[in-house]
Amino acid sequence: MRLHEIYNLKLNADLVVLSGCQTALGQEISGEGLIGLTRGFMHAGSPRVVASLWNVNDQATANLMKLFYRRMLKDGLRPAAALRAAQIAMWQTEPNAVPYRWGAFILQGDVDMFRNAPDFDLMNLPQMGESAADWDADIRNFWETGALPA
């Protein structure tokens with residue numbers, strides 16, 4: 001299927017998952033931004049798209065997708081929370097603990113996990129740490145607890 005065909009679809013889907021390599025990438029068009037599969041599926045009606053930023057390992061992707069769907073369908077988590085939970089599970093299991101193997105997947109279009117945070121304010125986001133170590137600690141803490149930096 002080509003991008004122009006995706007733009008012409010009328011989807012009735014809450015989520016599209018593109019588990020292939022580099023499916024979140026596209027072409028930057030002056031005045032338009034990034035044009036690619038993600039934008040195409042959102043234009044076609046899906047409010048959320050899971051896609052990858054780089055080439056992904058087949059086995060790691062299969063494991064991640066099993067965990068992602070289990071968290072969503074069996075545990076009842078929303079897509080953003082399910083992806084986060086699946087990535088944390090991958091992070092904690094060998095041999096997939098290397099973020100390069102599972103970290104390529106992002107969810108675009110769903111900000112509910114931030115909106116539901118008690119201290120979320122889009123216009124006044126907390127400042128991250130100044131050093132790389134501070135950033136790493138802030139991000140690790142967010143992934144583990146869901147708490148935004150103070």
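This report describes the fold, the sheet, the cores and selected residues of a predicted model.

## Basis and confidence

Residues are numbered from 1 along each chain as its sequence is written. As the model is predicted, local features need pLDDT of at least 70 and side-chain atom pairs count only at pLDDT 80 or more, while totals for chains, interfaces and linings use all residues; side-chain values use heavy atoms, with hydrogens and water left out.

The mean pLDDT of the chain is 76, and 66% of its residues reach 70 or more; pLDDT is the predictor's confidence in each residue, from 0 to 100. A contact here means heavy atoms within 4.5 Å.

## Overall fold

Seven helices and five strands are assigned in the chain. Helices (H or I, at least four residues) and strands (E, at least two) are DSSP runs, numbered from the N terminus. Their order along the sequence is α-β-β-β-α-β-α-α-α-β-α-α.

Of the 150 residues in the chain, 32% are buried. Buried means under 20% relative accessible area, exposed over 50%, and partly exposed in between, with a 1.4 Å probe and protein chains only. The accessible surface of the chain comes to about 9500 Å², of which carbon and sulfur atoms hold 53%; such areas come from the Shrake-Rupley method with a 1.4 Å probe, and for residues only the protein chains shown count as cover. Among contacts between residues at least 6 apart in sequence, 67% join residues at least 24 apart.

## The sheet

An open sheet of three strands has the order S1-S4-S5, with mixed pairing. Strands S1 (16-17) and S5 (105-108) stand at the edges with a single partner strand each, so one side of each lacks a neighbour in the sheet. Two strands pair if DSSP finds at least two bridges between them. S1 and S4 run parallel and are joined by two bridges, with Val17 standing opposite Val50 in S4. Strand S4 (residues 49-52) pairs with S5 in the antiparallel sense over four bridges, and the bridge partner of Val49 in S5 is Gln108.

The two faces of S4 are both covered: Val49 and Ala51 on one side, and Val50 and Ser52 on the other, are all buried.

## Nonpolar cores

The largest nonpolar core has 18 residues, and those with the most contacts inside it are Leu64, Phe68, Met90 and Phe105. A nonpolar core is a set of buried Ala, Val, Leu, Ile, Met, Phe, Trp, Tyr and Cys residues joined through side-chain atoms within 4.5 Å. H3, helix H4 (79-91) and S5 are the elements that give two or more residues to this core. Leu64 touches Ala86, Gln87, Met90, Trp102 and Phe105, not counting residues up to four places away in sequence.

A second, separate core has seven residues, including Val16, Leu18, Ala24 and Val49. In soluble globular proteins, nonpolar side chains tend to be buried together.

## Selected residues

His4 is placed in helix H1 and is exposed, with a relative accessible area of 52%. The C-alpha atoms of His4 and Gly40 are separated by 7.9 Å, although the two residues are 36 residues apart along the chain. Asn8 lies in the loop between helix H1 (3-7) and S1; Asn8 is exposed as well, at 59% relative accessible area. From Asn8 to Phe41 the distance is 9.5 Å, C-alpha to C-alpha, across 33 residues in sequence.

Arg48 belongs to the loop between helix H2 (37-43) and S4. Arg48 counts as buried at 14% relative accessibility, and the side chain of Arg48 reaches the backbone oxygen of Asp14 at 3.0 Å.

Terms used: Polar contact = N/O pair within 3.5 Å; in protein donor to acceptor, adjacent residues only side chain to side chain.
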